[in-house]
Amino acid sequence: MQRHYKKKVSGFKDWDQFNHSEDYLIYPQNIGENLGIDELSLSKGELYTFVTNKNGRGKKKTLVAVIKGTKSQDIIDVLNKIPLEKRKLVKEITLDMANNMQLASRICFPESNLVTDRFHVVKLVMEALQHQRIKLRWEAIEKENQAIKIAKEQGIKYVPIVFENEDTPKQLLARSRYIIAKKTNEWTPNQKVRAELLFKIYPHLHQAYKHTLEFRNIYEQTSKELAKEQFFKLD
């Protein structure tokens with residue numbers, strides 16, 4: 001993440017000095033109507049808050065502020081060093097769903113609207129889908145452990161359930177991690193076979209996967225009107 005962001009923000013030339021001695025850097029002259037605010041792990045796992053001008057597109061004059069840490073009051077104290085007339089120029093801020101970022105944005109940029117970043121929303125939906133898969137896997141492991149225990153008590157050899165692709169239930173669920181993170185047209189032939197088996201055995205997971213695709217599709221619409229239409233179609 002460190003290497004990626006340093007490359008993305010080409011105007012960030014004071015990295016070495018900041019990384020070792022400063023708590024913040026601000027560039028009030030780079031402020032614009034559309035900002036982004038996010039936290040990133042850069043040096044030895046330390047978190048930093050970056051405020052960027054989205055119109056800069058990662059090039060010169062993109063960086064507005066970088067602040068060591070993520071505490072809302074620390075962010076507010078630094079951003080308030082930027083003159084209020086400049087902060088009032090900001091009309092929109094893209095950010096994640098963290099309360100500290102929202103609080104700092106509302107206080108420091110009073111004329112702005114807050115927009116939740118697409119990446120974080122989709123990530124949350126994908127995590128919920130993976131949670132369902134993990135839950136099913138733990139249930140499969142528990143069932144297998146119970147079956148092994150019963151077989152041992154009865155003095156017989158335990159024979160696991162094996163599907164036609166030679167996966168056991170827990171293996172099928174473990175090996176499907178990347179499958180459900182992809183769209184259907186991105187599956188390899190082997191992944192397609194495994195996905196068909198997975199969804200046949202676990203229909204509730206299939207339903208959750210379809211809802212996830214429908215939700216992701218909202219962000220791929222070419223207009224707000226089409227996106228709203230897709231959103232209200234969700235059941």
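Where is the place of His 120? His 120 sits in helix 6, residues 118-154; helices (H or I, at least four residues) and strands (E, at least two) are DSSP runs, numbered from the N terminus. This is a predicted model, in which local features need pLDDT of at least 70 and side-chain atom pairs count only at pLDDT 80 or more, while totals for chains, interfaces and linings use all residues. Residues are numbered from 1 along each chain as its sequence is written, and side-chain values use heavy atoms, with hydrogens and water left out.

**His 120**
- His 120 has a relative accessible area of 17% and is buried (buried means under 20% relative accessible area, exposed over 50%, partly exposed in between, with a 1.4 Å probe and protein chains only).
- Not counting residues up to four places away in sequence, His 120 touches Asp 38, Asp 96 and Met 97; contact means heavy atoms within 4.5 Å.

**Gln 191**
- Gln 191 belongs to helix 8, residues 189-201.
- Because its relative accessibility is 16%, Gln 191 counts as buried.
- Neighbours within four places in sequence aside, Gln 191 is in contact with Ile 179, Lys 182 and Glu 186.
- The side chains of Gln 191 and Lys 182 are joined by a polar contact of 3.2 Å (a pair of N or O atoms within 3.5 Å; within protein, one must be able to donate a hydrogen and the other to accept it, and residues adjacent in sequence count only if both atoms are side-chain atoms).
- Tyr 178 is 13 residues from Gln 191 along the chain, and their C-alpha atoms are separated by 9.0 Å.

**Aromatic rings**
- The model has 4 aromatic pairs; rings of Phe, Tyr and Trp (its six-membered ring) pair if their centres lie within 6.5 Å, and planes under 30 degrees apart count as stacked, over 60 as edge-to-face and the rest as tilted.
- One of these is the tilted pair of Trp 187 and Phe 199, with 6.4 Å centre to centre and 45° between the planes.
- Trp 187 lies in the loop between helix 7 (169-174) and helix 8, and Phe 199 in helix 8, so the pair ties together parts that are 12 residues apart in sequence.
- Trp 187 and Phe 199 are both buried.
- Together with Tyr 209, Trp 187 and Phe 199 form one aromatic cluster.
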